[in-house]
Amino acid sequence: MNFVTIETSRLILKGISPHDMKYIFENLTKSEIKKILGHRSEQDYRKEEIKHKNGYSSYNRSFILFLLTDKSSNIIIGRCGLHNWNKEHKRAEIGYIMEDERFKRKGFMTEAIHAIMDYGFKKMNLNRIEALVGIENIPSLRLMKKNNFKREGLLRQQWHIADQFEDSVLFSKLYCEYIDEKNKL
């Protein structure tokens, strides 16, 4: 396995591709998988195993998932990645989760998003990074605003969670906007 690694001031981001996931699940023990992927529970492991068994990518979609490791404690604290990556149309969707409560509201996800946007635009040759955020997910809505994503619209009843349909807000950042922001720094 040859993971993509990105280092920020406080984080090490280890990128895992569909090929890496296949190798991990076909060659490592369950305990090794849980350790490498930072699974905190049996339920976390089972969710990942189901994704593996059902196939991570399709003929025109792929992903890169970054595990966020805090440098000072060497603990995997969350995940952030680019999924639904459509190479032909040069777009992907950013997704993220902070799995360790102790690291929330300290700017770690903003730090990770900056690094992943850099990677997406520079290495993956993306023109567009999209984000879908639940209308009641205030921390994620703030994160989109803080990172200058543009609100494009509302997707009605887009998520089915706990036997209810929920709306989500569609955001995007274009390569030209990313470049303009970089040039202003």
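How close do the axes of helix α4 and helix α6 come, and at what angle do they cross? The axes of α4 (residues 108–122) and α6 (residues 175–184) come within 11 Å and cross at roughly 120°. This is a predicted model, in which local features need pLDDT of at least 70 and side-chain atom pairs count only at pLDDT 80 or more, while totals for chains, interfaces and linings use all residues. Residues are numbered from 1 along each chain as its sequence is written, and side-chain values use heavy atoms, with hydrogens and water left out.

**Overall build**

- The protein has six helices and eight strands. These are DSSP runs numbered from the N terminus: helices are H or I with at least four residues, strands are E with at least two.
- From the N terminus on, the order is β-β-α-α-α-β-β-β-α-β-α-β-β-α.
- The C-alpha trace spans about 45 × 40 × 35 Å along its principal axes.
- The radius of gyration is 16 Å, which agrees with the value near 16 Å for a compact globule of 185 residues. The radius is taken over C-alpha atoms, and the globule rule is 2.2 Å times the number of residues to the power 0.38.
- Buried residues make up 42% of the 185 residues. Buried means under 20% relative accessible area, exposed over 50%, and partly exposed in between (1.4 Å probe, protein chains only).
- Of the contacts with a separation of 6 or more, 55% join residues 24 or more positions apart. Contact means heavy atoms within 4.5 Å.

**Helices α4 and α6**

- Axes are lines fitted to C-alpha atoms, for helices over the stretch in contact, and angles run from 0 to 180 degrees between N-to-C directions.
- α4 and α6 are oblique to each other. Angles under 35 degrees count as roughly parallel, over 145 as roughly antiparallel, 65 to 115 as roughly perpendicular and the rest as oblique.
- M117, D118, F121 and K122 in α4 meet Y175, Y178 and K182 in α6.
- By class, this contact has four nonpolar, no polar and three charged residues. Ala, Val, Leu, Ile, Met, Phe, Trp, Tyr, Cys and Pro count as nonpolar, Asp, Glu, Lys and Arg as charged, and the others, Gly among them, as polar.

**Helices α1 and α2, and L37**

- The axes of α1 (residues 18–27) and α2 (residues 30–37) come within 8 Å and cross at roughly 150°.
- M21, I24 and F25 in α1 meet I33, I36 and L37 in α2. The residues of this contact divide into six nonpolar, no polar and no charged.
- L37 is buried, with a relative accessible area of 0%.
- Beyond its neighbours within four places in sequence, L37 has contacts including I16, E48, L67, I76 and R79.
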